[in-house]
Amino acid sequence: MESILNQTFLCSAVPAEMMDCLWAAGWRHFGESFFRYNTSMDEDGLKLITPLRLDLDKNLLSKSQRRVLRRNMDLRWEFLPAQLTEEARSMFQRHKLRFKDNVPEDLDTFLSSEPATLPCQCLECRVFEGDCLIALSYLDIGDSATSAVYGMFEPEHSWRSLGIFTMLLEIDFSRSRGCRYYYPGYATHEPSVYDYKKQLRGLEVLDWRTGKWDALPQIEAAIPTSFIPPKP
C-alpha cells in the first residue's frame with residue numbers, strides 16, 4: 001500500500017492562477033482550510049481517495065445525463081456571487097438528512113465568512129421551479145479551471161437528480177468561460193455515494209505517487225454533442 005498522505009494549511013487569499021496549480025496537485029478547500037489526503041475511513045472500512053478532473057475539451061454527454069437535462073427543462077437558473085444566507089442554511093439542514101456517515105454540521109463548514117471572494121472567487125448556481133429555490137451549488141473560479149465546492153437541493157425534488165443537474169450546469173458555465181478543466185471533487189476507488197461523478201465523460205484521475213493525471217476508462221457510451229437547454 002502506498003504511504004498515507006494527509007496535509008493541510010490555512011490561507012485567506014489565493015490568486016486564480018495559484019488555485020489552478022493547487023487543484024492540479026490534488027488540493028481542495030473548505031473556506032480558508034486547504035487539504036489533500038489519499039485515504040478515509042467509514043463504517044465499511046478504509047477507502048482510497050481519488051481526485052477527479054474533467055477535461056472540458058473531451059467532455060461528452062451520456063444518455064442518462066441528457067435525460068436529466070430533459071427532465072429539468074422547466075427550471076430556470078442563474079450564477080451569482082456566493083452568499084451565506086439563512087435560506088441556504090435552511091436548505092442545507094434539510095438536504096443533509098439524506099446522509100448517514102460523516103454528516104457536516106452546517107453550511108459554514110464549506111464556505112468562508114465572505115464566500116464570494118475568500119479565499120478565491122466563488123459563484124453560486126441557483127435553480128428555481130417557478131419562484132421557488134430548489135437547488136444551490138457553489139463553484140470556485142480559477143484562471144483556466146473551476147472547482148465544485150458543494151451542492152444541495154430540496155429533498156422532495158430528489159426525482160429530478162438535481163445534484164447531477166447542477167453539476168452539468170457548472171460544466172457548461174465553465175466551458176462558456178473558456179476554461180480547460182472542471183474539478184468535481186474527490187471520489188473513492190471503491191464504490192461509494194460519489195460514484196455519480198465517475199459517470200462524466202472525459203474524466204482524469206490523479207496518481208498520488210507520480211502527480212500525473214491519467215484518463216479514467218469510460219463505462220457508459222456517450223453522445224458526441226454537448227447540450228444544455230437555453231436559460232429560461
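This is a predicted model: local features need pLDDT of at least 70, side-chain atom pairs count only at pLDDT 80 or more; totals for chains, interfaces and linings use all residues.
A residue is called buried when its relative accessible area is under 20%, exposed when the value is over 50%, and partly exposed in between.

How many disulfides does the structure have? The count is zero. A disulfide needs two cysteine sulfur atoms within 2.5 Å. For Cys 21, the closest cysteine sulfur belongs to Cys 120 and is 13 Å away, which is too far for a bond. Cys 132 is in no disulfide either, as the nearest cysteine sulfur, in Cys 125, lies 15 Å away.

Charged side chains come next. Side chains of opposite charge can pair when their charged atoms come close. The structure holds 14 salt bridges. One of them is formed by Asp 55 and Arg 180, whose closest N and O atoms are 2.9 Å apart. This pair links distant parts of the chain: Asp 55 is in strand S5, while Arg 180 is in the loop between helix H4 and strand S11, 125 residues apart. Asp 55 is buried, because its relative accessibility is 1%. Arg 180 has a relative accessible area of 34% and is therefore partly exposed.

A salt bridge also joins Asp 131 and Arg 76, with 3.9 Å from N to O. Here too the pair links distant parts of the chain, with Asp 131 in the loop between strands S8 and S9 and Arg 76 in strand S7, 55 residues apart. Asp 131 is exposed at 75%, whereas Arg 76 is partly exposed at 31%.

Arg 126 and Glu 124 form a salt bridge with their closest N and O atoms 3.1 Å apart, and both residues are buried. Through shared partners, salt bridges join Glu 78, Glu 87, Glu 124 and Arg 126 into one network.

Strand S10, residues 145-153, contains Thr 146. Is Thr 146 buried or exposed? Its relative accessible area is 0%, so Thr 146 is buried. Beyond its neighbours within four places in sequence, Thr 146 is in contact with several residues, among them Trp 23, Leu 139 and Tyr 182. Ser 174 is another contact, and the side chains of Thr 146 and Ser 174 make a polar contact of 2.6 Å.

On the surface, Met 41, Leu 46 and Leu 48 form a nonpolar patch with about 270 Å² of accessible area together. Leu 46 belongs to strand S5, residues 45-55, and is partly exposed because its relative accessibility is 41%.

Conventions:
Residues are numbered from 1 along each chain as its sequence is written. Side-chain values use heavy atoms; hydrogens and water are left out. Patches are made of residues with over 30% relative accessible area and no salt bridge: like charges are joined within 9 Å, nonpolar side chains (Val, Leu, Ile, Met, Phe, Trp, Tyr) within 5 Å. Accessible areas come from the Shrake-Rupley method with a 1.4 Å probe; for residues, only the protein chains shown count as cover. A salt bridge is a side-chain nitrogen of Lys or Arg within 4 Å of a carboxyl oxygen of Asp or Glu. Helices (H or I, at least four residues) and strands (E, at least two) are DSSP runs, numbered from the N terminus. Buried means under 20% relative accessible area, exposed over 50%, partly exposed in between (1.4 Å probe, protein chains only). A polar contact is a pair of N or O atoms within 3.5 Å; within protein, one must be able to donate a hydrogen and the other to accept it, and residues adjacent in sequence count only if both atoms are side-chain atoms. Contact means heavy atoms within 4.5 Å.
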